[in-house]
Each structure stands twice: as structure tokens, then as C-alpha cells.
Amino acid sequence: MRYKEQLTAFVRHLRRGCQALLLCAVAQAAQAAGGSLAGDIGASLQEEGLSGAVWSEVRDDGAISTGAAGLANAASKAAMRADTKVQVGSVAKVGLALGVLRLATENRLALDTPLAQILPDLKLKNAWQGSDPVRIRHLLDHTSGLDNVRFWQAFSSKAAAGTPLADAFDGGGGLLRVRDRPGSRYAYSNMGYGILGMVIEKVTGQPYERYLDAQVLAPLGMKDSTFGFVTQTGAKPDARLAMGHFEHGVTHAAMPMYLRPAGQLTTTAQDMARLAQFLLGDGKAQGSAFITPALMRMLSRPNGTEASQAGLDAGHGLALAVRDRHNVVGECHPGTTAGFRAMLCIYPEQKSAFFIGFNTDAEHADYERFNRLLMRDLELPLRPPAAHGAPAPTVENFQGVYVPAPSPMASMAWLDAVFGFVRVKWDGDSLFLIPFQGEPKELEPVGGFLFRASDRSAPSHVLLQTDGRHVLSDGLHSYERVSMLRMLVLWGSLALGVIGLLYVLVVGLWRAAGRNLPRNDHLFAPLLSLLALLLPLPFFYFQSFMRLGDVTFASVLAALVTGALPLAVAVGLARCWRTRGTGAVEKLDAIPLLAALQLLLVLAWWGLLPLRLWQL
């Protein structure tokens, strides 16, 4: 038996040892056989069902090249050009971060300044306020502990181009609750960058868009870019701005949003190359000091988080995140907004960079294939995988079930706990992450509590303990171990509730079909309420998804029917109680109704019932 274990381990190490050589060979073969970049991107756009793309590259000699493929507007069949403007979503955060760092360079604010000193009227619920207030740097590197975004902040027709930024935070006392100790754990927050826009306005005394256009974009030579609102329709349309698209070429014009500092930037591929050149430099713009070198070194370096203190270099800095893909490590920021997607990556060691912007936001598309094409075209050298290292002897103590902590969206915490959990298993040689959804991932130990995923070249995960809690982190996502009893309760509650609702649906319809469902039947009210859940669907279908967070007829109807469901089930249970002892049917109906009611009450406790989209 021992012989078989040794043989298995030898085969594993041999396979890992060959991995780097195989990747190099494949990459070199692809470079030798590949066609033109424009041709490859054009073909990929067609295969992925995307309308068009613009891109730019910065090479190690400083040379910039741009390109375009596909359609700028699927309806008019206008071709995408290299100087076509696109919207880049969250890549805007990079420019906004540079604006904050410019203010810090000018000593107009300090990164360690508590937010409360600048915006005293913004009431955060921070349990750690006395020892760890939210500081400016925490907003920049997404460690403030604030929630990401609410539906109404992202999907609303009520926001206007000039809506005061403070209106994005007029959503109740729980909106600005700090969920983790500030500075300790990365949790992506669009709200945080919305607040940074307010910080800029407070410090400069002018709209943040005007400040960034004049004091960041202009010095960087980004003359075709603006943080102001730009759209393709209306009174002042921009003819150079590509139309946004969704699946199947459905067009969608740009709309204002509440959290615009987090994702509003219209630009060109050429201008994004100029931004990349600055990010690759030493902080000078037009030959003069613009941002101090010390701050430039912190653009992508995680600092002070639990994961970084445990030795993991992967994570997010003040503007960019470390991105390890295809055996190349860069510093990147992705972006998504209505009808558009984008990616900006710089590679400081190679003095190279690329940007690509798409005028299609499609869930099914493989956008990563375009990143591979650009990386191949830049001829970025591949890195060998980090060497195998002896794991800590207590790694096996970290086995168990882990849930996201914090959840990406606080309002979806129940869904993340029930469906987003991951099981951690140690087999004596590798650590396995087994998610409920997705493929298992094998992690190779590289020493101590650091591990490397098979598709990464550098350490990608770390195990750590904080305040007695077992934590798994990849620098950008954290998971905490929870007791199996808690998970069994959650899973059991869900299973019983679903079975109960199915009983109501199937048995209730069967009785109705046999004309054996009078109004005083135990299942009459629950079945009617369950079928009523279908009523909002046609209204949502004919309503723009950009109004999901608004109070509309569809959303109000959804709140009413989902709120009525537990009441209807309770009515059915009450009827069972009143007729108890008269027959076996009452007992048979009572059990599934009770099972359904407990799940509905759990969902209500977690804030998911009634379904008020304008508050999620």
C-alpha cells in the first residue's frame, strides 16, 4: 500500500514538472502559427457572438498600436474604427484612483485620513470605529468593509447625469454598514468608489468629473476621454461613441447611474494606451512629477490585509489587482457597464500593456480568449510555476465547508451561503477546493500555508486563522469555515421547503383538475398564491432590465405576490389546525405546508421576502 502511495505521488510531481514546459511549447507554437491580431480578434468576435472591439498595445520601446474589428452599431451596420469611443465601466476606477493620488501628492489629503473627517455627514455603521475607522486608502483598495452595490444603485432610470452623488446613499440605515474590520479583507465595493467621488468634490470644491477631466485626463494627454456622461442618443449624442449591445445584437444606449464615479468613463483605445504608459512609468506626466513614486509603487500591491500579512502577494492595490493568467503575471482592472466590457492590463517587468474594449456585454462569451490573443501578440515571456514546498503540518485542520465572507452583495448572503460554499479537502499531497457550482480545483503547496492553483504560476491561495476563525483567501475573495451543523440546517431547510412547495403545486393542481379544490381546502390559498408568482413575469419582460431597481408596476407586483405567499401558507396551516382530527388528509397537508412555511420565514429573516427589488 505504501508503494502505491509513493508511486502516485511520483506521477503527480512528474506531471507538475512537465506543466511549464508544455505551456511554453504550446505558447510558442501558437505564436509561430498565429495569424494577424486583427484577423484573430475579428474571427473570435464572430464565434463569441460579440458586436465589436477596439484595442491598443504598448510595447517595451514605448510604441503604441491600435486596432478595431466588428461593428460599432449592429442596427446600422456601422463599422468599429480604431478611434471609436467606448465606455469602460469599472476601468474608470483606475482614473479616479489617480485623481485621489494626485490630491495626496499635492498634500490636499492623506490616504490615512479617516473618511469621517472629510464627509462627517455620511453616517457609516462601523463597529470598529474607535480603533479602525474607514480611511481613504480603504476605499481605494476595497478594504473598507462596505457592501458592493444595491440593485437600485445600478439599475435605475431615475438617475440623471447631474444627480448629486449623495443620492446614491439615501437608502436606509443598513446601506453603509461596515461588514469587516476596515483594512483587513478585500471586498469589491462600487459604493466605496461612489464615496471617493464625493471626497474629491469635498476637497476640490467642484464636480468630480470636471476635476478629473482637467487634472488627470488632460495632463495624461487623454484628449478624447471624459468622466462626464456621454450617450449615443438624446439632445447631444456623440457620433463617435459605439452603441452598447447585449446578446443577439440587442442595442442599448448609455444611461446615467447613481454610482457614476465607480464606472463612468468614455474613452478611446489610443487614450487608454496613454494611461497605460503612465501606469508603467515613475509617476511623471509631460516630464513633470504628477504622482509620487512611493504611491506609484502601491498601485497594485496589497497592503495590510490578512492575506498579504500571511504572505500572499496576489490581491488589489490602490488602483489595480495582480492578475496571474496563462503563466504571465500582470496588473489589471476589468470593467463592465450596460452594453460594454473592457480590460486594462500592464506588465511592468516587460514595460508592456494592452487594453481592449467591447461594445457587447454577453454572459455566455469567453472574453478571456481575447486577453490571450493580446498577450500572445505582445510576446510576453512565460513564468515557470512556483516550486513545490513543504506544507505546514496543520494544513489538515483546515478541512471543512467554507462560505463567502463577506458576501459579494450583502442582500444575497443567504444565496451565497447555500449555493456559493466551497469544500476544502486535504489528501496529504494537495489541497482541493470543491465548490457546489463549478469544477474542483487542485492546489499545490508551495510552502507553509501558501498554495498554487494548477493554472497559476505564483502562489494563489493562503490559509490563515484570524480571531479563531479558519479563512481561505485568494487575495480577492475570502471564505470562512462554518460548522457542518449550520450548513445541514440551511440545506435541510431549503430541501424541506422546496418539497413542501412542490407538494402544494402538484397536489393542489391535481385536486383542481379533479374539481376537488374548494375555497376552504387547505391548499387553495397556498396554491393560488404560488401561481400568482407568475403574474409579474410578463411585466418584467416588457420592462427594461435597467429599471430593475426602480419602483415599477412589475416590481411592486413582485413584492405583493412574494409577500402574500407565506401568509397564504399560514392560512392553509390554520385551516389544517381547525379541522384536525377529522381525517388523514389534514395531517398529510399540514406537514408539507409547515415545511414550506419554515423556508419562507427563513427567506424573510434574510431579507429576501417580500422581494423588494428597490431595496436589494
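A: Start with one term: two strands pair if DSSP finds at least two bridges between them. The model here is predicted. In it, seven bridges join strand β12 (residues 340–347) to strand β13 (residues 352–358), and the two run antiparallel. One of these links has M343 with I356 of β13 as its bridge partner.

Q: In what order do the strands form the open sheet?
A: Strands of a sheet pair through backbone hydrogen bonds, either parallel or antiparallel. Here seven strands form an open sheet with antiparallel pairing, in the order β3-β2-β1-β13-β12-β11-β10. Its edge strands, β3 (78–79) and β10 (321–325), each pair on one side only. Helix α9 (residues 269–280) lies across β1, β2, β12 and β13, at about 35° to β1.

Q: At what angle do helix α3 and helix α8 pack?
A: Two packed helices are described by the angle between their axes and the distance between the axes. For α3 (residues 92–105) and α8 (residues 208–217), the angle is about 75° and the axes are 10 Å apart. Angles of 65 to 115 degrees count as roughly perpendicular, so α3 is roughly perpendicular to α8. The contact includes L96 and R102 of α3 and Y211 and L212 of α8. By class, it has seven nonpolar, two polar and one charged residues.

Q: Which residues form a disulfide?
A: A disulfide is a covalent bond between the sulfur atoms of two cysteines. The structure holds one: C332 and C345, with sulfur atoms 2.1 Å apart. C332 lies in strand β11 and C345 in strand β12, so the pair ties together parts 13 residues apart in sequence. The torsion about the S-S bond of C332 and C345 is about 115°, so the disulfide is right-handed.

Q: Are C332 and C345 buried or exposed?
A: Both C332 and C345 are buried.

Technical notes:
Residues numbered from 1 in each chain as written. Predicted model: local features only at pLDDT ≥ 70, side-chain atom pairs only at ≥ 80, totals over all residues. Heavy atoms only, no water. Helix = DSSP H or I, 4+ residues; strand = E, 2+ residues; numbered from the N terminus. Contact = heavy atoms within 4.5 Å. Axes fitted to C-alpha atoms, helices over the stretch in contact; angles between N-to-C directions. Parallel < 35°, antiparallel > 145°, perpendicular 65-115°, else oblique. Nonpolar A, V, L, I, M, F, W, Y, C, P; charged D, E, K, R; others polar. Disulfide = S-S within 2.5 Å. Buried < 20%, exposed > 50% of the residue type's maximum accessible area, 1.4 Å probe, protein only.
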